[in-house]
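Q: I'd like to learn to read a model like this one feature at a time. Could you take me through it, with the general idea and then the case at hand?

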Amino acid sequence: MFLTGHGPFPSYLHHFNLRTHDNCSCGEKEDPKHYTTKCRFTLSWHFQTPTVSLKLQWLKNILTNDLSRTRLRFLMSFRCDENNLIVEDNH
């Protein structure tokens with residue numbers, strides 16, 4: 001889900017007109033990278049924000065490192081379980 005962006009993410013749901021906006025409940029534009037680097041609701045699982053030029057290496061490092069994959073699994077599990085993070089009206 002993290003790599004493809006498919007899943008219970010407002011950006012994905014908005015793409016198919018299943019939501020009226022693609023913002024996270026924290027108010028920022030939402031995508032999987034948002035949850036892993038910026039969202040205040042997922043601070044426990046944050047990774048350091050990659051530079052644009054190192055994004056592919058950053059993704060590769062996350063996927064090849066056991067600890068990073070475990071943190072990512074916990075984050076995605078939390079994200080899927082906590083429906084209050086994808087409320088429709090967050091204004």
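This is a predicted model: local features need pLDDT of at least 70, side-chain atom pairs count only at pLDDT 80 or more; totals for chains, interfaces and linings use all residues.

Q: Is His34 buried or exposed?

A: At 1% relative accessibility, His34 is buried. The scale runs like this: buried is under 20% relative accessible area, exposed is over 50%, and partly exposed is in between, with a 1.4 Å probe and protein chains only.

Q: And what does His34 touch, leaving out residues up to four places away in sequence?

A: Beyond those, His34 touches Cys24, Cys26, Glu28, Lys29 and Cys39, where a contact means heavy atoms within 4.5 Å.

Q: Several cysteines there! How many disulfides does a search of the whole structure find?

A: A disulfide is a covalent bond between the sulfur atoms of two cysteines. By the cut-off used here (a pair of cysteine sulfur atoms within 2.5 Å), the search of the whole structure turns up zero. Cys24 is in no disulfide, and the nearest cysteine sulfur to it, that of Cys39, is 3.7 Å away. Seen from Cys39, the closest cysteine sulfur is the one in Cys24, at 3.7 Å, and that is too far for a bond.

Q: Where does Cys24 sit?

A: Look in the loop between helix 1 (10-15) and helix 2. Cys24 is buried, with a relative accessible area of 0%, and Cys39 is buried at 0% too.

Q: On to aromatics. How many aromatic pairs are there?

A: A pair of aromatic rings is described by the distance of the centres and the angle of the planes. Rings of Phe, Tyr and Trp (its six-membered ring) pair if their centres lie within 6.5 Å; planes under 30 degrees apart are stacked, over 60 edge-to-face, and the rest tilted. By that rule the count is three. One of them joins Trp45 and Phe78: the centres are 4.9 Å apart and the planes at 35°, so this pair is tilted. Trp45 is in the loop between helix 2 (32-37) and helix 3 (55-64), and Phe78 is in helix 4 (residues 66-81), so the pair ties together parts 33 residues apart in sequence. Phe78 is partly exposed, at 22% relative accessible area.

Q: What geometry do Phe47 and Trp58 have?

A: Their ring centres are 6.5 Å apart and the planes at 90°, so that pair is edge-to-face. Phe47, in the loop between helix 2 and helix 3, and Trp58, in helix 3, are eleven residues apart, and the pair links distant parts of the chain. Phe47 and Trp58 are both buried.

Q: Which charged end sits over the ring of Phe47?

A: That of Arg71, 4.1 Å from the ring centre. The test is that NZ of Lys or CZ of Arg is within 6 Å of the ring centre and within 35 degrees of the ring normal.

Q: Which residues touch the most other members of the largest nonpolar core?

A: In soluble globular proteins, nonpolar side chains tend to be buried together. A nonpolar core here is a set of buried Ala, Val, Leu, Ile, Met, Phe, Trp, Tyr and Cys residues joined through side-chain atoms within 4.5 Å. The largest has 14 residues, of which Phe2, Tyr35, Trp58, Leu72 and Leu75 touch the most other members. Helix 3 and helix 4 are the elements that give two or more residues to this core. Leaving aside neighbours within four places in sequence, Phe2 is in contact with residues including Pro32, Trp58, Leu72 and Met76.

Q: Which residues of helix 3 are buried?

A: Trp58, Leu59 and Ile62 are buried.

Technical notes: Residues are numbered from 1 along each chain as its sequence is written. Side-chain values use heavy atoms; hydrogens and water are left out. Helices (H or I, at least four residues) and strands (E, at least two) are DSSP runs, numbered from the N terminus.
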